[in-house]
Amino acid sequence: MRWGRVMAGLVLACWAMLAAAQEREAPRPGPLVSHVDPFIGTDGTGHTFPGPAAPFGMVQPGPDNGNTGWEYTSGYQYRAPHILGFSQTRASGTGIPELGDVLVMPSRIRRPDFASAYDKASETARVGYYAVTLRENDVRVELTASEMTAFHRYTFAGGGGRVWVLVDLQHGLTFRTDRQPVLESHAVVTRDGIEGWQRRANWTTRTVAFALAFDHPVAAHIELPRREGDAAQRYLLAFDLPPAGVLQMKAGLSSVDVEGARANRETTPGWDFDAVAAATAAAWESLLSRATIEAPARQQRIFNTALYHAFLHPSRISDADGRWRGPDGMVRKADKGIRYSTLSLWDTFRAAHSLYALLVPERVDDFVLTMLDHADATGRLPMWTIWGGETGTMIGEPALPVIAEAWAKGFRGFDGQRALAAMVRTSTEDSRIGSSVESGLSTWSLYEKFGYYPFDVAGGETVSRTLEAGIGDDATARMAAMLGETALAERFRARAGNWRNLIDPESGLARGRDSKGQWRTPFDPLMPTSPLNNPGDYTEANAWQYSWTPGLFDPEGLIEAMGGREAFRRKLDTFFFDLKPLEGWAYLGQEAMIGQYAHGNEPSHHIAWLYAYTDRPQTGQALVRRIAQDFYTDTPQGLIGNEDAGQMSAWYVFATLGFYPVVPASGDYVFGRPLVERAQLKLANGKVLTITAPAPGQEIARSSHAVLRGGPLSKRVNHSDLLDGGALVFVDE
């Protein structure tokens, strides 16, 4: 036993030196990507993941600690002690688990269960690279990714000889407890890997094809017996390795077919793992350089990681040849550009798409074309898509403000009349999306009849659905006006005012009404509701939180409805400072709270910025600073509430820069106060916007203003004015 312990100690020591040597040999990251920490948001409810991904890439290889349950929506939790394996796709920070395709797990020896404990100190993640040592499998796993290829490298303790790799096609990230998600699965072991395709039904119904290739031939393979409930294959692949004990794998996936998956995989030719990791890091370095700040190291880490998280999604869904499978199951081919999915629109219309327009404008037209192609396939614009399929999740029609915002900001890579036609159809024809998780869909026949959604005939979330209908109607009206369709603009502008029908004169809050016009009784404005857990009139929020929703499209109208500017400000003060936070309702979005403000969920994200419309904008500026300082950190617990495919991070980026798109479809931003003394934006037109402000540690002045290129500004600035670059100076008076 003593000799065995000595040998084990030598093996572990050699292994530690090998891992350290590999780390030393890895290309050094650039100055900006070195500030990104992919572990931020991986512990708790942030639901981010530490695995590598290219900007807006198709694949996201990474470790899966679990495959079901709300906490494993990305497959990963920082403190989980075991790794099941490494799947090739996932979404960042969503609230429902999906993807997790093609789990692969290496092991030195063949074991009954390939899941393994790991030493936390051995786990590392940086932009374009992830690595961990699997204690029970005697292997060091390294991952990288290009835009369309997942790349694995396994280094086995003890060198060469026979090793094993589990390929689990049953695995996937799922929220279903009533059935397993695989509808159909076909696979074949090839000379150097495995290929096949599946149909899966979970959050959406989708097709995924895969093509895995190893840099050594498959020496033998075993199809494992199916466990109870399994509908897909699990294979053990054996490899006989030379003395170095290194095995590499590349994986390509496709929504179309195996040929597409194979071609996507080979967009990354050869077997130079380190070169791929370096190229992905370089792509991120270039992207991050578009927005830079002067700030202490901790703030740099939070800011650059926020940019990184914001630009993981939407994810490419079209193959290398332009084909993709749409939400109707039909294969299409893009005439130009790229098509995308993982469109978390209910979240991202609020700020993330505004950030894309500012910093990655080359992608915006393709985002819109993706939505228009979706409308061609289904008859309506998307709500929440993943892997090309519609989930029907959340409420309202959040594609509408995204399209109107793009047109307002000068994007012309899509047909405006085509877009308007899709917007009108989406805003007038009842939704018939088949949804497995939500029921708050647009039923315009009821909405038109009553001027709101009555709670006794329209189902749940009726107040939230009514208020968010106004967001879409306003966007459609703006789009029609920009295209000279005056009558259409007036029609939807009038309908956008229906939110007033639910403002309770007694409380001044948005309150449910039935089909006879009677108010909801009893009425508790602090009780949060949600369709899955606590059904009621609001979507993951309460009356106090949702009553500010008209501020996203009609802030002046909301001010009037609340009694004028002074009364509006007093109500904001009550909301933030006089009402106690709720306890025990985190699963209904009641996280990261200041009074009744809940930064952990999107309906609250614009509310602090509404102080810009009052006589005390400094109160909102102080609140934005507090939110940024209290609810964003550079630790695994650094995001309180789901990241939601970039929205939580986009909010932080705008807060740092000092302006925010309160009314996204308008093309305007309202001013706050930057969180740094200096920031710089490199714009796509070659111009540079330099932002300077008083030191963030100073007390916020009662009165301040902004100056752009020497000219004073009001409380708002248009996107086009920022694109001219120059100096944007925030001045205290």
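## A leucine in a loop

L582 sits in the loop that runs between α15 (565-578) and β25 (593-594); helices (H or I, at least four residues) and strands (E, at least two) are DSSP runs, numbered from the N terminus. This is a predicted model, in which local features need pLDDT of at least 70, side-chain atom pairs count only at pLDDT 80 or more, and totals for chains, interfaces and linings use all residues.

Is L582 buried or exposed? L582 counts as buried because its relative accessibility is 18%, and buried means under 20% relative accessible area, with exposed over 50% and partly exposed in between (1.4 Å probe, protein chains only). Leaving aside residues up to four places away in sequence, L582 touches L526, P528, N542, Q590, M593 and Q596; contact means heavy atoms within 4.5 Å.

## How confident is the model?

The protein chain averages a pLDDT of 94, and 95% of the residues score at least 70; pLDDT is the predictor's confidence in each residue, from 0 to 100. Residues 1-27 are where to take care: the pLDDT there is below 50, and the stretch has 21 contacts in the model beyond near neighbours in sequence. Where pLDDT is low, the predicted coordinates should not be read in detail.

Beyond four places in sequence, F311 touches P55, F56, W284, L287, L355, Y356, L359 and V360. Among these partners, L355, Y356 and L359 are also on the list of buried residues in α6. Helix α6 (residues 352-359) is mostly covered, with eight of its eight residues buried: A352, H353, S354, L355, Y356, A357, L358 and L359.

## Y660 and its neighbours

Y660 belongs to strand β27 (residues 659-660), and its relative accessible area of 1% is why it is classed as buried. Not counting residues up to four places away in sequence, Y660 touches R350, A351, H605, H606, W609, Q647, W651, F654, Y669 and V670. Along the chain, Y660 and S354 are 306 residues apart, with their C-alpha atoms separated by 8.8 Å.

The structure holds 11 cavities of 30 Å³ or more. On a 1 Å grid over the protein atoms alone, a cavity is a set of points where a 1.4 Å probe fits but cannot get out, and a pocket is an open set with protein on both sides within 12 Å along at least five of seven lines; lining residues have an atom within 4 Å of a point. Grid points are joined across faces, edges and corners, and a volume is the space filled by probe spheres set on the points.

The largest cavity holds about 130 Å³ of space and is lined by 17 residues, with W324, P327, Y340, T370 and H374 nearest its centre. Helix α7 gives the most to this lining, with four residues. The largest pocket has a volume of about 620 Å³. Its lining has 34 residues, and the closest to its centre are W70, G95, I96, E540 and N642.

## Backbone spots to check

Most residues other than glycine have a negative phi, and most peptide bonds are trans. The bond from H313 to P314 is cis, with omega near 0°, and P314 lies in the loop between α4 (297-310) and β18 (315-316). T521 and P522 are also joined by a cis peptide bond, with omega about -5°.

V102, which is not a glycine, has a positive phi of about 55°; V102 counts as buried because its relative accessibility is 5%. M394 has a positive phi near 75° and lies in the loop between β24 (389-390) and α8 (399-408). At 6% relative accessibility, M394 counts as buried.

Notes. Residues numbered from 1 in each chain as written. Heavy atoms only, no water.
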